[in-house]
Amino acid sequence: VLKYIKKPDPLLQRIWYIVGDEGLSISEIATKLGYDKDKVENAINRGIGKDILTAEKQGNKKIIKRKNDYFDDEAIKASAPSADGQRKMRKVLEFYMGKGYYTDLVIQGGESRPDAVAIPVDTVTWKPKYSQAIAIEVESANEVKVHMEQVVRNWIKPSTNDFAEIHTW
């Protein structure tokens with residue numbers, strides 16, 4: 001699975017997901033995750049460094065909020081060129097995040113690859129369960145209607161052997 005994506009950071013992605021636009025304090029985040037506050041704070045600092053999180057002082061608390069999208073627009077466009085496809089791709093990625101998966105767009109290469117990956121996460125250690133990874137294909141309604149054979153090919157291409165399941169949206 002790692003040949004398809006960048007090194008995962010499930011803790012950071014989960015923090016980005018749960019803080020939403022309203023924000024949470026570091027203590028609230030650590031409590032929600034049931035995880036060590038120092039490790040949560042380290043992940044938050046990585047998120048601030050990547051410009052996807054921001055910290056605002058409110059009274060004596062530091063409130064963590066989303067600053068930018070987790071996935072940059074160019075990466076989304078590479079997987080889903082149309083505006084409709086990009087909207088669907090974001091919804092699909094956030095759907096899996098909401099279910100506790102680490103999600104990422106696949107680095108496009110020479111061989112046929114899925115559009116994205118969802119990997120279950122052990123919420124005690126925050127390590128991905130690679131052997132249970134899901135390949136994600138996002139297809140347009142037109143693709144399904146006009147080129148169903150291409151959708152079927154996505155289910156049997158060689159890269160699918162690296163995943164426990166293939167989900168098509």
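Which strand gives the largest share of the lining of the largest pocket? I looked this up before anything else. Strand 4, residues 101-105, supplies that share, with three residues. I note here that the model is predicted.

**Entry: the largest pocket**

I took the volume next. The largest pocket comes to about 330 Å³. I counted 16 residues in its lining. Lys 6, Lys 50, Tyr 70, Phe 71 and Asp 104 are the ones that lie nearest the centre. I then sorted the lining by residue class. Nine residues are nonpolar and seven are charged.

**Entry: the largest cavity**

I searched for cavities of 30 Å³ or more and got one. The largest cavity has a volume of about 50 Å³. Its lining includes Pro 10, Gln 13, Arg 14 and Tyr 17. Met 97, Gly 100, Tyr 101 and Tyr 102 also line this cavity, as do Val 121 and Trp 126.

Which helix gives the most to this lining? Helix 1 does, with four residues. I placed helix 1 at residues 10-19. Strand 4 also supplies at least two lining residues. By class, the cavity lining has seven nonpolar residues, two polar and one charged.

I moved on to strand 5, residues 116-122. This strand is mostly covered, with six of its seven residues buried. I went through its pairings one at a time.

- Strand 4 pairs with strand 5 over five bridges, in the antiparallel sense. Here Leu 105 stands opposite Ala 116.
- Strand 7 is joined to strand 5 by three bridges, and the two run antiparallel. Here Val 117 stands opposite Ala 135.
- Strand 6, residues 127-128, is joined to strand 5 by two bridges, again antiparallel. Here Val 121 has Pro 128 as its bridge partner.

I checked the turn between strand 5 and strand 6 as well. The hairpin has four residues between the strands. Trp 126 takes a positive phi near 60° there. I had already listed Trp 126 and Val 121 in the lining of the largest cavity.

**Entry: Ala 135**

I followed strand 7 to Ala 135. This residue sits in strand 7, residues 134-137. Is Ala 135 buried or exposed? Its relative accessible area is 2%, so I record Ala 135 as buried.

I listed its contacts, leaving aside neighbours within four places in sequence. Ala 135 touches Pro 114, Ala 116, Phe 163, Glu 165, Ile 166 and His 167. I also took one C-alpha distance. Ala 135 and Ala 118 are 17 residues apart along the chain, and their C-alpha atoms are separated by 6.7 Å.

**Entry: Ser 159**

I found Ser 159 in the loop between helix 7 (148-156) and strand 8 (165-168). Ser 159 is buried because its relative accessible area of 3% falls under the 20% cut-off.

Which residues does Ser 159 contact, beyond its neighbours within four places in sequence? They are Tyr 4, Ser 112, Arg 113 and Pro 114.

I traced an open sheet of three strands, in the order 1-3-2 with antiparallel pairing. Strand 1 (24-25) and strand 2 (53-58) stand at the edges. Each has a single partner strand, so one side of each is left without a neighbour in the sheet.

I then took the pairing of strand 1 with strand 3, residues 61-66. Two bridges join these antiparallel strands. Leu 24 has Ile 64 in strand 3 as its bridge partner.

**Entry: Asn 68**

My last stop was Asn 68. It lies in the loop between strand 3 and helix 4 (73-79). I count Asn 68 as partly exposed because its relative accessibility is 35%.

Leaving aside neighbours within four places in sequence, I found Asn 68 in contact with Trp 16, Asp 51 and Ile 52. For Asp 51 I noted a polar pair. The backbone oxygen of Asp 51 lies 2.7 Å from a polar atom of the Asn 68 side chain.

Note on methods:
Residues are numbered from 1 along each chain as its sequence is written. This is a predicted model: local features need pLDDT of at least 70, side-chain atom pairs count only at pLDDT 80 or more; totals for chains, interfaces and linings use all residues. Side-chain values use heavy atoms; hydrogens and water are left out. On a 1 Å grid over the protein atoms alone, a cavity is a set of points where a 1.4 Å probe fits but cannot get out, and a pocket is an open set with protein on both sides within 12 Å along at least five of seven lines; lining residues have an atom within 4 Å of a point. Grid points are joined across faces, edges and corners, and a volume is the space filled by probe spheres set on the points. Ala, Val, Leu, Ile, Met, Phe, Trp, Tyr, Cys and Pro count as nonpolar, Asp, Glu, Lys and Arg as charged, and the others, Gly among them, as polar. Buried means under 20% relative accessible area, exposed over 50%, partly exposed in between (1.4 Å probe, protein chains only). Contact means heavy atoms within 4.5 Å. Two strands pair if DSSP finds at least two bridges between them. A polar contact is a pair of N or O atoms within 3.5 Å; within protein, one must be able to donate a hydrogen and the other to accept it, and residues adjacent in sequence count only if both atoms are side-chain atoms.
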